[in-house]
Amino acid sequence: MTDQSSDREYRVLHGWTPMSDFAADNALDPDIDGACGSFLTTGHGLTLADASGGLWTVPLGHGREDVIEAMTAALRDLTYLSSIGLKSRYADRLAARLLGLDPRMGRVQFHTTGSAAVEGAILVLRQVHKAIGQPQRTGVVALDMAYHGGSYLCISVSGFSEDREQVTPLAPGVHRIKPPVAGHDPAASLAELRDILNGRHGATISSFVFEPIMGTAGVHPLPRDWLEEAIALCRAAGVAVIADEVATGLGRTGAWFASTGLDIDAMTLGKGLGGGYAPLSATLFSEQIVAPITGDADGEVKTGSTMDGYPAACAAGLAIIDAIEREGLIARAAEIGARFQAALREMEAFPVVGAVRGKGLFAGVDLVDPNAPDGTIGDEWREKILFRLATSGVFAAPTGDTLALAPPLTLSDEELAGMLDAMRSTFDVVSRRMARAQAS
Ligand SMILES: Cc1ncc(COP(=O)(O)O)c(C=O)c1O
């Protein structure tokens, strides 16, 4: 760690991070203390490619002057304005911009985190059900292994049992189905959904929420035909559909949204919307789904927070969308993303690499130990891979035993090639070391 921890105990509580990771002598702590473009810099003077884009968060990379200037101008112009009872042209402009990108959507609610956006979607849809005389519809259907955020409701809806067990009792009314990925039978998972919707709790369900690509679970894209069928079942049962695009929205998969073409009622955006420059997220609703609330002059959404629609954050969002458009980054993410995916899939040839999945500039690389009975990589070899990657110039963050890669959409051809070379050499070296360790 840096100077703080050398003379006193490190006092920050980090989410999902063992306290021991911040011990002063931990060689794995890369001590990041700066960032520029596609790179992070360490206190030891190393430059590391930001292969995971923070937490899949920086579509334009770090330190962009256009975004910083837009935020600074907004701060000078209108430091703060409550979004409760007051209109802000920053929020208004960003809302118009977002709705212009997706004809399915007609209204926007701003928040500060992805969790708040998902929670906002669930709560507004409950309110809609109350408004149409179905107050019993409060439940949510979600997928096992899904991640929708760290708030109480979102932990309850997410499918990570270890996290959930630590904070029980959870919010009631959450129903879970197996995801149609990671070895689960898609037909069985649809049958589970059908059973819930047609079963004794069916009339109590308000919404179904899914990630088009299950990021935290290990970057598993949901099959398109499965999603279409699941959505049709929800439609028939009067259940609203939420696409959680906190990770995938705004270009990451080579399209503005990964759920484009699907018949959804609400969509959440986060991460790339503020681009790492601002805590900014949004929930978009179709005009039709929120009509029971918005159609009444006295109607109002019954959730909100102090910093929703924060002017400088909305200015960042606007500058990011402008840059994505101006620089043709959607097409670029599709083109460079196809090469990225193809090159990563070739790495499945290294014994230490299991399956590679993903779309565009969002990829999951499973790390495996071919000598372990169940193939599980184990802490020691996983740490060795991360360490070797870092010393080869790449910072990549795992989710479980999967490297989750989400580099900036602005990545140049040379930067992409360098990152892939470092990964190849790391996987090669570690695979050979593993084989030697097994032989000895
Ligand atoms: C799909 C998805 N939804 C929601 C969230 C929660 O977002 P936040 O961490 O900004 O609250 C995440 C975060 O990783 C996510 O990947």
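Modeller: The crossing of α5 and α10 is left-handed, a term used when the near helix is turned anticlockwise from the far one by less than a right angle, clockwise being right-handed. This is a predicted model, in which local features need pLDDT of at least 70 and side-chain atom pairs count only at pLDDT 80 or more, while totals for chains, interfaces and linings use all residues. Residues are numbered from 1 along each chain as its sequence is written. Helix α5 spans residues 114-131 and helix α10 spans residues 287-294, and the two pack at an angle of about 60° with their axes 8 Å apart (axes are lines fitted to C-alpha atoms, for helices over the stretch in contact, and angles run from 0 to 180 degrees between N-to-C directions). From α5 the contact draws on Val124, Gln127, Val128 and Ala131, and from α10 it draws on Ile289, Val290, Pro292 and Ile293, where contact means C-beta atoms, placed from the backbone, within 7 Å. Sorted by class, seven of these residues are nonpolar, one is polar and none is charged (Ala, Val, Leu, Ile, Met, Phe, Trp, Tyr, Cys and Pro count as nonpolar, Asp, Glu, Lys and Arg as charged, and the others, Gly among them, as polar).

The shell holds 16 residues, of which Thr113, Gly114, Ser115, Gly149 and Val246 come nearest, a residue being near if its C-beta atom, placed from the backbone, lies within 6 Å. By class the shell around the ligand has five nonpolar, nine polar and two charged residues.

Stepping back to the whole, the chain has 14 helices and 17 strands, which are DSSP runs numbered from the N terminus (H or I, at least four residues, for helices; E, at least two, for strands). The radius of gyration is 22 Å, close to the 22 Å that the globule rule gives for 440 residues, so the chain is as compact as a globular protein of that length (the radius is taken over C-alpha atoms, and the rule is 2.2 Å times the number of residues to the power 0.38). Of the contacts in the chain with a separation of 6 or more, 70% join residues 24 or more positions apart.

Conventions: Contact = placed C-beta atoms within 7 Å.
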